[in-house]
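Keep the viewer open as you read.

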Amino acid sequence: MNGRSLLPALLPALPRGGVIPGLRGAAMPGVRGAGDRFAALLQWLCLAVLLAFLVLPLLAILTRAGIADIARTVAEPRIQAAAWNSLTIAVATLALVLPAAFVVAFALTRSRIAGKPVLRLVCLAPLLAPSLMPAISLVYLFGNQGLLKGWLAVLPAGASIYGPLGIVLGEAFYTFPHALLVLTAALSVADARLYEAAETLGAGRLRRFITITLPNARYGLVSAATLVLTMAATDFGVPKVIGGQTSVLALEAYKQVIGQHDFGRGAVIGLLLLLPALASFAIQRRVARRAQAGMTGRSVQYHARPHAGRDMLLSLACGAVAVFLLALAGAAVAAAFIKLWPYDMSLTLAHFDFEHQDGGGWDAFRNSFVLSGASALAGTLLVFVNAYLLEKQPVAPGAALLVRAIAVVPMAVPGMVLGLGYAMFFSHPANPLHGLYGGMTLMAASCVCHFYTTAHMTLTTSLRQIDGEIEAASRSLGQGWWVCCLRVTLPIVLPSLLNVFRYLFVSSMTTVSCVIFLYSPETELASLAVLNMDDAGDTAAAAAMATLIVACSGAVSLLLNTVGWYCGHRLQRWRAN
């Protein structure tokens with residue numbers, strides 16, 4: 001490419017208004033030549049990949065769990081208690097996270113508080129950490145040898161951080177940035193004319209908030225609530241580290257498959273884990289159908305006016321949230337460099353000597369880096385090819401219809417359920433792909449499929465913003481579709497492509513649930529090493545490995561931001577014209 005984008009050449013070919021006579025509505029022709037047949041073949045190959053690595057593993061769970069197994073497992077008091085614990089912990093996490101995320105999102109989008117970039121950076125930092133990290137921090141702060149253990153004295157006698165309290169606090173740290181992203185997007189769009197009309201009619205600030213702001217943010221609130229509920233109910237990492245004697249469904253699935261090799265009971269629990277995700281997905285889709293656009297062509301963007309009292313209250317609330325997040329992130333990072341917490345607080349690098357620690361080594365970190373890089377590269381390529389063919393070259397309608405339906409499936413499937421399906425499907429000796437089981441390729445495939453929906457929606461949204469007449473103009477000039485794809489479409493969607501790469505890399509670096517059933521001693525990952533080190537009692541080494549994960553994810557994100565700025569400067573100068 002090197003700045004030789006075809007777009008500047010195509011734009012003058014378009015008449016005023018960007019429409020070529022005779023080509024309106026004809027930008028998506030049927031199969032006409034070898035190029036279109038190649039596009040159709042690619043579309044069917046992409047569908048085959050999604051069927052093999054997403055649909056069939058999920059079907060393996062459905063076919064493995066019989067009605068009798070489901071009835072017997074559900075009737076067990078232990079499973080009922082675990083299900084109740086999962087539900088109550090998810091609701092408690094929601095009650096803590098949703099108001100806090102809404103306040104911070106409101107402060108970022110509807111106020112004039114100082115330091116918004118720093119606040120946003122702090123609040124999104126948990127995305128770079130594995131879910132085990134906040135649990136380790138809580139142990140260091142409020143555990144048996146914790147610095148702040150005395151603070152728990154205000155709680156009823158017998159209260160401990162090892163149980164529901166610790167799980168809820170850890171899940172709050174883990175789920176908060178996800179809810180914040182959704183709510184920030186919901187509140188960032190508002191029509192100023194509605195607020196001006198309400199003010200003219202004498203409506204006060206509280207009434208404008210209740211009658212305008214909240215209804216407009218309803219879809220975002222429901223989406224954030226369902227997301228938090230699903231993540232908290234199906235998470236495995238936080239309960240494993242700090243759950244104590246409190247059992248949840250995700251832990252029960254782990255014990256049945258890893259501890260007792262009972263895949264049948266594991267499949268039943270996997271189905272139970274799927275229920276809250278499916279219910280949340282159905283609620284979200286129902287609300288989405290009723291949602292209306294907050295902005296129209298005549299809308300005026302809302303800008304917050306100065307208000308000292310509002311900004312002061314929001315600053316205090318956001319400061320409290322930032323302190324909570326920094327405390328949980330900072331405790332684990334600090335513990336990684338402290339010799340013996342809390343007795344000898346001198347600094348040391350001994351905890352990074354993983355070769356002499358139980359539960360993992362530097363090989364695990366290298367495996368994680370390789371896996372994340374492979375997942376990001378292969379996933380970005382798969383998602384881009386799939387999204388481009390769907391939006392710009394729909395020459396295989398049957399395959400396109402199936403791909404569109406399958407693409408949203410991972411949104412409703414918890415990582416542990418997908419990993420369980422992989423273990424059942426690929427561990428069977430009769431499976432032609434059985435050789436992949438325990439290898440890095442299969443783990444990378446599970447990561448790509450687990451995080452597929454968000455990446456797919458990001459790129460399809462970006463591609464839909466490009467007028468289809470550009471492809472039509474390219475065809476009229478006698479160019480193959482791949483020429484327009486590489487020299488026009490790719491440079492335009494490059495920022496979204498880098499975002500997808502970063503999302504897949506960071507998510508693969510921090511995931512635990514979807515790979516917990518798939519690794520072998522040779523393919524152990526850093527996030528799993530954190531879990532194993534904590535199990536072996538090397539909590540400081542676990543904190544050191546978690547710190548390395550955060551540092552690596554942050555460095556890669558910074559590098560991609562730099563690459564994005566450079567590519568945007570070299571390849572997208574036409575945007576300034």
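Sixteen residues, or 16 in figures, line the second largest pocket, and Tyr195, Arg205, Arg208, Tyr302 and Arg310 are the ones nearest its centre. Here a 1 Å grid is laid over the protein atoms alone; a pocket is an open set of points with protein on both sides within 12 Å along at least five of seven lines, a cavity is a set where a 1.4 Å probe fits but cannot get out, and lining residues have an atom within 4 Å of a point. Before going further, please note that this is a predicted model, in which local features need pLDDT of at least 70 and side-chain atom pairs count only at pLDDT 80 or more, while totals for chains, interfaces and linings use all residues. Residues are numbered from 1 along each chain as its sequence is written, and side-chain values use heavy atoms, with hydrogens and water left out.

The second largest pocket holds about 470 Å³ of space; a volume is the space filled by probe spheres set on the grid points, which are joined across faces, edges and corners. At least two lining residues come from each of α4, α8 (192-200) and α9 (205-216), and α9 gives the most, with five residues. Helices (H or I, at least four residues) and strands (E, at least two) are DSSP runs, numbered from the N terminus. By class, the pocket lining has six nonpolar, three polar and seven charged residues, where Ala, Val, Leu, Ile, Met, Phe, Trp, Tyr, Cys and Pro count as nonpolar, Asp, Glu, Lys and Arg as charged, and the others, Gly among them, as polar.

Now turn to α14 (residues 308-337), whose axis comes within 8 Å of that of α6 (residues 132-142), with a crossing of roughly 80°. Axes are lines fitted to C-alpha atoms, for helices over the stretch in contact, and angles run from 0 to 180 degrees between N-to-C directions. The two helices α6 and α14 are therefore roughly perpendicular; angles under 35 degrees count as roughly parallel, over 145 as roughly antiparallel, 65 to 115 as roughly perpendicular and the rest as oblique. On the α6 side, Met133, Pro134, Ser137, Leu138, Tyr140 and Leu141 meet α14 residues Ala327, Leu328, Ala329, Ala331, Ala332, Val333 and Ala335, contact meaning heavy atoms within 4.5 Å. This contact has 12 nonpolar residues, one polar and no charged.

Helix α5 (residues 116-124) also meets α14: their axes come within 9 Å and cross at roughly 40°, which makes α5 oblique to α14. Leu119, Val122 and Cys123 of α5 touch Cys318, Ala322, Leu325 and Leu326 of α14, a contact with seven nonpolar, no polar and no charged residues.

Further along, the axes of α15 (residues 362-392) and α19 (residues 452-464) come within 9 Å and cross at roughly 45°, so α15 and α19 are oblique to each other. Their contact divides into 10 nonpolar, three polar and three charged residues.

One last stop is the backbone: a cis peptide bond joins Trp341 and Pro342, with omega about -5°. Pro342 sits in the loop between β1 (338-340) and β2 (344-347).
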